[in-house]
Amino acid sequence: MKKRILQNGRLLPALETALAEEYDLHPLWREPEPAAYLRQHGASFDGLVTSAPVGADAALLQALPNLKIISSFGVGFDKLDLDMARERKIRVGYTPNVLNDCVADLAFGMMIDIARGIAAADRFVRRGDWLNAKFPIATRISGKRLGIVGLGRIGQAIARRAGGFDMEIAYTNLQPVEGFSYRHEPSLAGLAAWADFLVVSVAGGAQTRHLISRDVLAALGQKGFLINVSRGTVVDEEALVDALVGKTIAGAALDVFANEPHVPARLLECDNVLVLPHIASGTAETRAAMADLVLSNLRAHFSGKELVTPLV
Ligand code: DGY
């Protein structure tokens with residue numbers, strides 16, 4: 001008999017098809033009354049598939065008393081109740097590593113864009129402004145100072161790319177990371193004050209909430225740029241909007257927001273900001289690799305093996 005898997009939120013169509021072939025898959029997002037459905041059928045599910053932006057909260061896990069495995073599409077785990085998963089010995093798989101390159105590529109693209117004004121220049125040409133004016137002089141990237149907030153797998157991939165641009169690199173992390181010659185800066189405000197570009201690549205969640213505070217933005221200063229490919233919650237968004245509107249920082253390139261898909265209206269009025277719809281891992285190649293890991297983790301669990309990429 002096929003294992004019963006509950007699907008929380010939409011997934012890639014190809015992944016949904018593959019899951020439906022192997023499992024008795026039930027998409028919770030199609031239910032008009034999810035809570036009522038769970039009350040009646042929650043005990044029948046062996047597994048749950050979800051994604052980093054959707055996660056699985058305590059209420060959902062409580063409604064699934066026989067759950068043994070969560071397989072999540074994505075590397076972020078800020079929306080997964082891991083404490084409850086540990087307590088109930090529910091295994092949790094996620095999809096790290098396969099997205100490092102694409103997230104780092106986009107972080108670099110965002111940095112070049114916001115410093116050189118690529119999207120703003122494109123708007124300038126399309127508006128016909130080039131016929132009457134010159135596009136403002138921009139900021140150089142090569143040889144500048146890159147501050148990386150969080151030298152994990154994605155932060156390291158960003159640092160490797162920065163080498164190709166002859167950038168000086170320093171980072172903050174909970175602990176200095178062994179095996180790298182980059183300078184560890186213990187103070188985040190110190191890193192911001194030193195950096196021309198501050199890239200945020202830490203995990204989201206309660207521990208990193210508003211890490212990029214009003215004070216850190218003040219330290220980054222009028223010539224500094226912020227790039228965020230982590231989670232919107234890591235930045236004090238109100239302070240960031242004030243800094244962009246007041247031009248107390250030079251600009252920001254953001255792939256993530258505190259309340260996605262909603263972007264503060266004041267931010268949209270600023271020309272010194274690049275806003276993207278959380279697309280850092282969004283290439284066909286990377287998303288296919290992530291989908292493979294979601295399936296591999298489920299298969300490993302149901303055949304009694306260690307998960308391929310366990311989180312819990
Ligand atoms: C991730 O995998 O966590 C990406 O940010 C998509 O949410």
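A: Domain 1 (4-97 + 285-302) and domain 2 (100-275) both contribute lining residues to the largest pocket, so it lies between them; the domain bounds come from an automatic or database domain assignment. Bear in mind that this is a predicted model: local features need pLDDT of at least 70, side-chain atom pairs count only at pLDDT 80 or more, and totals for chains, interfaces and linings use all residues. Residues are numbered from 1 along each chain as its sequence is written, and side-chain values use heavy atoms, with hydrogens and water left out.

Back to the pocket: its volume is about 1200 Å³. Of its 46 lining residues, V75, S201, V202, A203 and G204 are the closest to the centre. On the terms, everything runs on a 1 Å grid over the protein atoms alone: a pocket is an open set of points with protein on both sides within 12 Å along at least five of seven lines, a cavity is a set where a 1.4 Å probe fits but cannot get out, and lining residues have an atom within 4 Å of a point. Points are joined across faces, edges and corners, and a volume is the space filled by probe spheres set on the points.

Helix 5 (100-116), helix 7 (153-163) and helix 12 (284-302) each put at least two residues into that lining; helices (H or I, at least four residues) and strands (E, at least two) are DSSP runs numbered from the N terminus. By class, you get 24 nonpolar, 16 polar and six charged residues, where Ala, Val, Leu, Ile, Met, Phe, Trp, Tyr, Cys and Pro count as nonpolar, Asp, Glu, Lys and Arg as charged, and the others, Gly among them, as polar.

Now the ligand. Around it you'll find A52, P53, G74, V75, G76, L99, R231 and H278, each with a heavy atom within 4 Å of it. V75, already listed by the centre of the largest pocket, has a polar backbone atom 2.7 Å from a ligand oxygen. For G76, a polar backbone atom is 2.8 Å from an oxygen of the ligand, and an N or O atom in the side chain of R231 is 2.7 Å from a ligand oxygen. The protein covers 88% of the 230 Å² of accessible area that the ligand has on its own, going by the Shrake-Rupley method with a 1.4 Å probe.

Searching the whole structure for cavities of 30 Å³ or more turns up one. The largest cavity has a volume of about 30 Å³, and its lining is N228, G232, V235, E237, L240, L254, V256 and F257. Five of those count as nonpolar, two as polar and one as charged.

Conventions:
Polar contact = N/O pair within 3.5 Å; in protein donor to acceptor, adjacent residues only side chain to side chain.
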